[in-house]
Amino acid sequence: MAVATGGTRSLAAQERRFAFALLAPALLALLLVTTAPLVYLAWNSLNRIDLGMPWMSGFAGLDNYAKMGADPRFWNSLWLTLIYTASTVVLQVVVGLSLALLVLQIPKGQGVLRVGAILPIVLAPVVVGLFWRTLVLAPDVGLVDVATRALGLGSHNWLGDPQLALISVIAIHTWQWTPFAFLVLLATLSTLPGDIFEAARLDRAGAWQRFRYITLPMIRPAIVMVVIMRMMTALSAFAAIFAVTGGGPGSSTEILNLYAYRTSFTELNIGYGSSLAMVLLGITLAVSWLMFRLRKAKS
Amino acid sequence: MHHPESLTDAAQPGRRTALKQAASLGAVAIAGPWLATAAHAQDADLAPYRSAKINWRQVEGESIAVAVIPASYFDNLGALLPQFEALTGIKVRIEKVPPGQIRQKATLDLSSKTGTYGTHAADPMYYPLYVANKWVDPLDKYLGDASLTDPAWFKYDDILKAWRDADSIDGKPYGIPYDGEVTVQVYRKDLYDAKGLKPATTLDELVSNAKALNDPTNRMYGLALRGFAGAGQNMYIYPSLFRGFGGKWFTGKDVTVNSPEAVRALDWYVNTLTQYAPPAVRNWNWPDIADAFSQGTLGCYIDAHSSAAVLSNPEKSKVVGKVGFARWPKGPNGKCATSIWNWGFPINAALSDKAKKATWLFISWATSAETQARTSWKFAGPAKRSGINRTSLWKSPEFADAMKGSGDNFIAAALESLEQDTDVDWRPRVPQWPAIGETMATSIQSALVGQKKSKEALDEAQARIAQIMKG
């Protein structure tokens with residue numbers, strides 16, 4: 001028996017080894033294309049690499065990180081990242097859930113709506129950005145401007161005014177990604193068993209009570225999942241804002257990601273830019289970890 | 001590594017004729033429809049170049065890549081490439097990179113020493129950066145090498161001095177200007193004449209002219225200047241104002257951007273655009289401005305002389321024949337300061353010696369008087385270049401003839417500006433320019449959109465620039 005156990009053990013070990021050998025090429029590729037650049041980024045963030053001042057290059061320890069404390073543009077971008085992420089995620093969940101609840105009431109034609117909802121998601125963010133910039137938000141000829149003028153609200157410089165620009169980029173992100181929340185929540189809602197709601201109705205629970213005490217708790221895991229995924233996308237948003245405002249006017253839509261990009265590739269300060277990117281990475285990791293913990297704890 | 005043709009060439013020296021034929025076959029494939037004319041005219045085509053006392057075929061079989069922006073002045077050059085290839089046996093691949101990305105692409109190529117581009121259309125403000133990193137070769141050794149340059153034929157000194165200076169560091173040339181521009185005043189001569197206005201000679205007159213014509217209810221605005229954020233947009237206009245107000249970029253070795261003159265210049269920029277420009281101007285670059293002007297909604301704008309090409313196109317412009325040109329108006333310190341903008345060609349230091357020679361031959365061909373003429377008034381297509389690089393050509397009757405449709409006083413205004421108003425210290429020429437330009441652009445925009453007061457915006461820029469420059 002002891003021999004037999006040893007045999008299965010070595011067999012299992014053999015199998016594991018074989019499995020690993022099969023996985024190795026994929027792991028290696030993954031290591032090369034994700035981990036290696038990440039390590040390189042981390043290393044760069046510890047160096048002073050400013051192409052404008054090559055004579056200053058060298059190991060700098062944590063200088064780049066220390067520098068952030070006194071950099072108002074960093075704090076501004078951090079604050080904007082927070083506003084941008086929080087507002088887009090909340091809007092997506094609220095609008096997506098409302099739409100899903102509404103569509104659930106429609107007896108026919110849900111399929112068409114689902115297909116239609118996918119369209120914004122499959123567009124490249126750059127295309128979305130350019131589309132909004134030239135067709136929707138342009139002064140005089142843009143759809144939104146035409147609408148506000150028709151409603152007597154006057155013409156506005158949607159992307160030229162600091163506050164409107166921030167609202168605009170939030171609206172664009174929400175427009176593109178709400179369908180994701182909508183589709184996931186719609187799918188979850190349609191799997192909820194009807195008998196519970198019937199029972200609740202018999203107990204004279206009102207519509208709000210049914211939503212608050214039955215629907216919400218039951219779709220909670222789906223909502224948390226949507227929030228996690230949307231947060232990660234919002235934190236790393238780049239292309240649409242880049243195409244629409246480039247972070248401007250001034251620095252009023254310059255979220256951390258754009259600031260890191262501008263620092264590295266426009267100002268050519270690769271070292272400081274890398275450390276900004278590392279901070280963004282840290283924030284994304286921390287937020288995701290928190291959310292996952294939250295999900296585990298309650299479910 | 002990157003030149004398969006040259007390897008073949010070296011391996012089979014006895015088969016030159018066959019290879020030449022192969023090369024010309026390749027040219028045939030590219031030239032296509034023009035083949036018949038090209039073959040006939042070839043010898044006559046190449047004669048003006050062959051009068052140079054250098055061996056154009058010294059590195060035949062080499063191939064190089066050149067990055068340029070998509071613009072008619074480079075398209076014209078691209079159309080003549082079969083002639084260059086017939087002359088030298090060097091293959092040139094032109095890669096078009098949008099202006100917003102060409103600096104980054106070039107910097108990436110230069111800093112990683114991949115040697116992808118033999119040369120590229122370079123922003124003159126980037127030479128300090130290139131030189132500090134030793135990414136490009138000093139060109140004096142190419143200009144001084146009798147086997148590479150025939151000085152009597154090339155006539156380097158005939159190239160406009162302002163642009164030569166802009167592409168040099170400490171007196172050494174690092175790029176040869178191919179095309180460039182000056183900033184001039186473009187105004188509606190018909191409207192000015194009707195109201196008895198004269199083109200402005202001072203900034204005050206510019207404002208009073210704008211005031212006289214400004215009539216927003218009838219979609220008529222007095223003036224427009226680039227307002228969009230960017231080192232090449234609002235930081236293209238502001239430096240001229242800054243210098244005109246008597247601003248100086250340097251206090252000792254430090255860059256200073258928040259002097260009282262700087263604040264006054266920015267206040268002027270903000271106030272003038274707020275009062276007399278279309279509301280969207282803060283998002284506008286020159287094409288938007290030229291479009292608005294050609295639709296007849298602007299009384300005047302100040303921008304590159306080459307933007308006028310849009311205005312004389314009868315298919316797109318409603319103001320053909322109604323356009324006049326004048327120099328930059330003087331600032332309070334009595335100075336006109338126009339841009340020193342030009343697209344020059346440097347040589348990538350990461351290339352092999354052979355490729356460097358090939359690149360130099362390409363540069364001297366492209367910037368020579370003959371090619372400049374052939375891409376301007378001698379060019380067969382509709383777009384005749386107006387940014388030619390040589391004093392003698394600017395003064396030639398053929399050029400005047402080709403440009404006569406542009407408007408009143410076009411050549412005189414541009415040439416006077418080129419000779420008198422150019423200012424090498426138009427912007428701070430330091431290796432950190434990319435960061436400084438970007439910082440200034442962001443601050444200027446926050447003042448233009450009313451997010452911050454001029455003083456506050458410039459103080460912030462100063463703090464950041466001090467941080468950037470800190471050694």
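**Entry 1: the sheet of chain B**

I began with B:Val66 and found that its bridge partner in S3(B) is B:Thr119. Strand S1 (residues 63–68) of chain B and S3(B) pair in the parallel sense over 2 bridges. I took strands as DSSP runs of E of at least two residues and helices as runs of H or I of at least four, numbered from the N terminus; two strands pair if DSSP finds at least two bridges between them. The open sheet holds 3 strands in the order S2-S1-S3 (chain B), with parallel pairing. Strand S2 (91–96) and strand S3 (119–120) of chain B are at the edges with a single partner strand each, so one side of each has no neighbour in the sheet.

**Entry 2: conventions**

I note that this is a predicted model, in which local features need pLDDT of at least 70 and side-chain atom pairs count only at pLDDT 80 or more, while totals for chains, interfaces and linings use all residues. Residues are numbered from 1 along each chain as its sequence is written, and chains are lettered from A and ligands numbered from 1 in the order in which they are written.

**Entry 3: B:Gln83**

I located B:Gln83 in helix H5 (residues 81–88) of chain B. B:Gln83 counts as buried because it has 21 C-beta neighbours inside 10 Å. For burial I used C-beta atoms placed from the backbone: 20 or more others within 10 Å make a residue buried, 12 or fewer exposed, and values in between partly exposed. Leaving out residues up to four places away in sequence, B:Gln83 touches B:Asp45 and B:Leu46; contact requires C-beta atoms, placed from the backbone, within 7 Å. From B:Gln83 to B:Pro128 I read 45 residues in sequence and 34 Å in space, C-alpha to C-alpha.

**Entry 4: nonpolar cores**

I looked up the largest nonpolar core, which has 139 residues; B:Leu223, B:Ala224, B:Tyr301 and B:Phe362 have the most contacts inside it. Such a core is a set of buried Ala, Val, Leu, Ile, Met, Phe, Trp, Tyr and Cys residues joined through C-beta atoms within 7 Å. Helix H14 (residues 260–276) of chain B gives the most to this core, with 9 residues. The core lies between domain 1 (4–176 + 346–394) and domain 2 (183–337 + 403–469) of chain B, because both give residues to it. Domain bounds come from an automatic or database domain assignment. Beyond four places in sequence, the contacts of B:Leu223 include B:Leu206, B:Thr272 and B:Tyr301. Apart from this core lies another, of 32 residues, among them A:Tyr84 and A:Leu166.

**Entry 5: chain A and its contacts**

I found 22 residues of chain A in contact with 22 residues of chain B. On the chain A side, helix H11 (residues 256–266) gives the most, with 3 residues. That side has 10 nonpolar, 9 polar and 3 charged residues, where Ala, Val, Leu, Ile, Met, Phe, Trp, Tyr, Cys and Pro count as nonpolar, Asp, Glu, Lys and Arg as charged, and the others, Gly among them, as polar.

Chain A is divided into domain 1 (2–45) and domain 2 (72–298). Their centres, taken over C-alpha atoms, are 37 Å apart. I found 4 residues of domain 1 of chain A in contact with 6 residues of domain 2 of chain A.

**Entry 6: positive phi**

A:Leu268 has phi near 65 degrees, positive in a residue other than glycine. I placed A:Leu268 in the loop between H11 and helix H12 (270–298) of chain A. A:Leu268 counts as buried, with 26 C-beta neighbours inside 10 Å.

B:Arg219, not a glycine, has a positive phi of about 50 degrees. B:Arg219 is in the loop between helix H12 (203–213) and helix H13 (234–244) of chain B. B:Arg219 is exposed, with 12 other C-beta atoms within 10 Å.

Definitions and conventions:
Two residues are in contact if their C-beta atoms, placed from the backbone, lie within 7 Å.
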